[in-house]
Structure formats: C-alpha cells, structure tokens
Amino acid sequence: MKTQHWYDAVVKCEQQGNAYVLATVMGAAGSVPRDQGSKMVITADQQYDTLGGGHLEYKVVQHAQQLLADQSIGNYIEHFPLGASLGQCCGGSVSVLFESFAMKGMNLTVFGAGHVAKALMNILSQLPGTVRWVDSRDGMFPDELFQNVEMIKTDYPVDVMQSVAPNSQVLILTHNHQLDYELAECALKRGDLSYVGCIGSDTKAQRFKMRLEHKGLNQEQIQKFICPVGDASITGKLPMEVAVSISAQLIKHLDQHKHEKNIRQGVSWKSIKQDLVKGSVQSAQPNKVN
C-alpha cells in the first residue's frame, strides 16, 4: 500500500473530524534523520509519513499519542538529543513541534438500525465526526455507504459498548427493551461517556431508572441517562422528525461540551524561548557513549 503523505492525512482527519497531532522538525543540529520542516501526522492508532524512523520516531509517536489520550490541545515543543539515550548514533539533536488538534464534532456510537436510526444517519453523515452503527440483525444496514459511518454487525452489542472511547457519545435505539437496558446499564457503569441517550417513553425511563437503582447505580450516574432522548420542543413522531429531534439535542450537547473545555491557545514566547535555549545548550554538549 502506498504511504499516505502528511498533508493528505491532515485533509482526511479534518474531513472526518478525527483528533490528530502534526509533528514538525523545527530545528536540527548535527547529523539528523530528517531535515528541518519534515512532518508526520499521528492519530490514536495510525501514523502517516515519517521523521526518519528509528527510536526518535518511536518517541515522537509515543509523545503524540499521549497528548491525544490526555486530550491536550495546543502546541508543544520537545527536544530530542540523538545520542545513546535514544539508541541512535547520529550525534545531532532535533526540536519537534507537536500541534495537537481535537476531534471535531461527534464521536458517536449508535445501537440499533431501525427506522429512526436509518433516518438519523441521513443527518449524521453530513456532520463532522465519526459514527459507529451497531446492530445484531442480518440485513438491517442499507446498501448506501456513508463516508464517516462504520457499520458493525455483531451478536454481542454490549461488548461493543465496553469498547466505546471515553468522552464519546452513545445512542441506544434498538428493537429490544431488554437489550436497551443492558446497554444503558453498561454505559452508565463506565462513568466516562459524555452523552448516553435512549429512545423511549417517560414510563420506560422510570422503569429503567428503578432497575438501575436496584443494581446499585447512584443518582449521579442515573442522572446522566437521557430518556426519552431528543429535543422536547420537537414533538413529531415520524422517524425523520424523531431523528431531527435527536440530532438537535446532540448538536447542542456537543456545542456545550466544546465551550466547557479549557483549551490553551498556542505557546507563549517565553516557553518557546526557553525550549530553544535548552535545545541549543544540549546540542552543543558532546554525546556520551556508554
């Protein structure tokens, strides 16, 4: 397979709303694997292009993926002397700028592929972000493929719930009330999802909350359960009307969640100067060989 260039990867991540880190060689001294200006893109599970390979690239990828795991958004500078500590004998040093970009839009998992879910996909497929669409039944998914929607047919939807990414969103729209309950219980017990919505009535919501309480969930956990899901001001009951209602509520949630985050904007000149001075001093020191 042809290696994807960093600029193609940026376009792909931006279009799909995926979080990523753009790593750039800001400065290089001595013998180094790649020149100043070389770039690579790192996501949670992929990397595109190269900064020369070896242990340097391993450390760059490791640091970038830690930024993504910590949801650290902003610009960061790290200095890497290419000596014995990195297992490389180049003898130079590299300063790397890490530009960490947050996931844009939703990171949503939808359980159930009924009429409402199908209508919902026509909306969600046009929004930034990614969707995993899960159902246990054969022949439920449409032939149409959506660029940002992954369709998962599985006999074990609850296992998928356990693998959902932290701080992501979940919609429970299945054909089976017992499965709805099991998914809701699993989601709420995790305690790390930003949005847990379930289709249903007020009566269904009351019954589920009573069962959840009997299972030992506390009120703080139960209060995160949104059922009936959707914007209450949109009262239509047709599948597309319900889908619009759910989409409206989800968009409001994502917008609120975005503004609640304390995102650092850029790096101060003082920090840049300190890092550059540090890198200059370290690159001037002779490499020690054990």
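**Close-up views of a predicted model**

The protein has nine helices and 11 strands. Helices (H or I, at least four residues) and strands (E, at least two) are DSSP runs, numbered from the N terminus. The model is predicted: local features need pLDDT of at least 70, side-chain atom pairs count only at pLDDT 80 or more, and totals for chains, interfaces and linings use all residues. Residues are numbered from 1 along each chain as its sequence is written, and side-chain values use heavy atoms, with hydrogens and water left out.

View 1. Of the 290 residues in the protein, 41% are buried. Buried means under 20% relative accessible area, exposed over 50%, and partly exposed in between (1.4 Å probe, protein chains only). Contact means heavy atoms within 4.5 Å. Take the contacts between residues at least 6 apart in sequence: 59% of them join residues at least 24 apart.

**View 2. The open parallel sheet.** Six strands make up this open sheet, in the order S8-S7-S6-S9-S10-S11, and the pairing is parallel. Two strands pair if DSSP finds at least two bridges between them. The edges are strand S8 (149-153) and strand S11 (225-226), each of which pairs on one side only. Strand S6 (residues 106-111) and strand S7 (residues 129-135) are joined in the parallel sense by six bridges. Here Val 110 has Trp 133 in S7 as its bridge partner. S6 also pairs with S9, in the parallel sense, over four bridges. Thr 109 has Val 170 in S9 as its bridge partner.

**View 3. Strand S9, covered on both faces.** In a regular strand the side chains alternate between the two faces of the sheet. Strand S9 spans residues 169-172. Gln 169 and Leu 171 are buried on one side, Val 170 and Ile 172 on the other. S9 pairs with strand S10 (residues 195-198) in the parallel sense, over four bridges. Gln 169 has Tyr 195 in S10 as its bridge partner. Asn 167 lies in the loop between helix H4 (157-163) and S9. Its phi is positive, about 65°, although Asn 167 is not a glycine. Asn 167 is partly exposed, with a relative accessible area of 34%.

**View 4. The antiparallel pair S4 and S5.** Strand S4 (residues 74-81) and S5 run antiparallel and are joined by eight bridges. Pro 81 stands opposite Ser 93 in S5. Eight of the nine residues of strand S5 (residues 93-101) are buried, so S5 is largely enclosed by the rest of the structure.

**View 5. Helix H1 and its buried side.** Helix H1 covers residues 6-16, and its buried residues are Ala 9, Val 10, Cys 13 and Gln 16. They sit on the same side of H1 because they cover an arc of only 145° around the axis. The arc is that of the directions from the helix axis to the C-beta atoms. Gly 17 follows H1, with a positive phi near 75°.

**View 6. Helix H8 against Asp 231 and Ile 234.** Ser 245 is in helix H8 (residues 239-260). With 6% relative accessibility, Ser 245 counts as buried. Residues up to four places away in sequence aside, Ser 245 touches Gly 230, Asp 231 and Ile 234. Ala 248 is also found in helix H8. Leaving aside neighbours within four places in sequence, Ala 248 is in contact with Asp 231 and Ile 234. Ala 248 and Asp 231 are 17 residues apart in sequence, with 6.3 Å from C-alpha to C-alpha.

View 7. The structure holds zero disulfides. A disulfide is a pair of cysteine sulfur atoms within 2.5 Å. For Cys 227, the nearest cysteine sulfur is that of Cys 198, 4.5 Å away. Cys 227 is buried, with a relative accessible area of 8%. Cys 186 is buried too, at 13%. The peptide bond from Cys 227 to Pro 228 is cis, with omega near 0°. Pro 228 lies in the loop between S11 and H8.

**View 8. Asp 49 in strand S3.** Asp 49 belongs to strand S3 (residues 47-49). Asp 49 is not a glycine, yet its phi is positive, about 70°.
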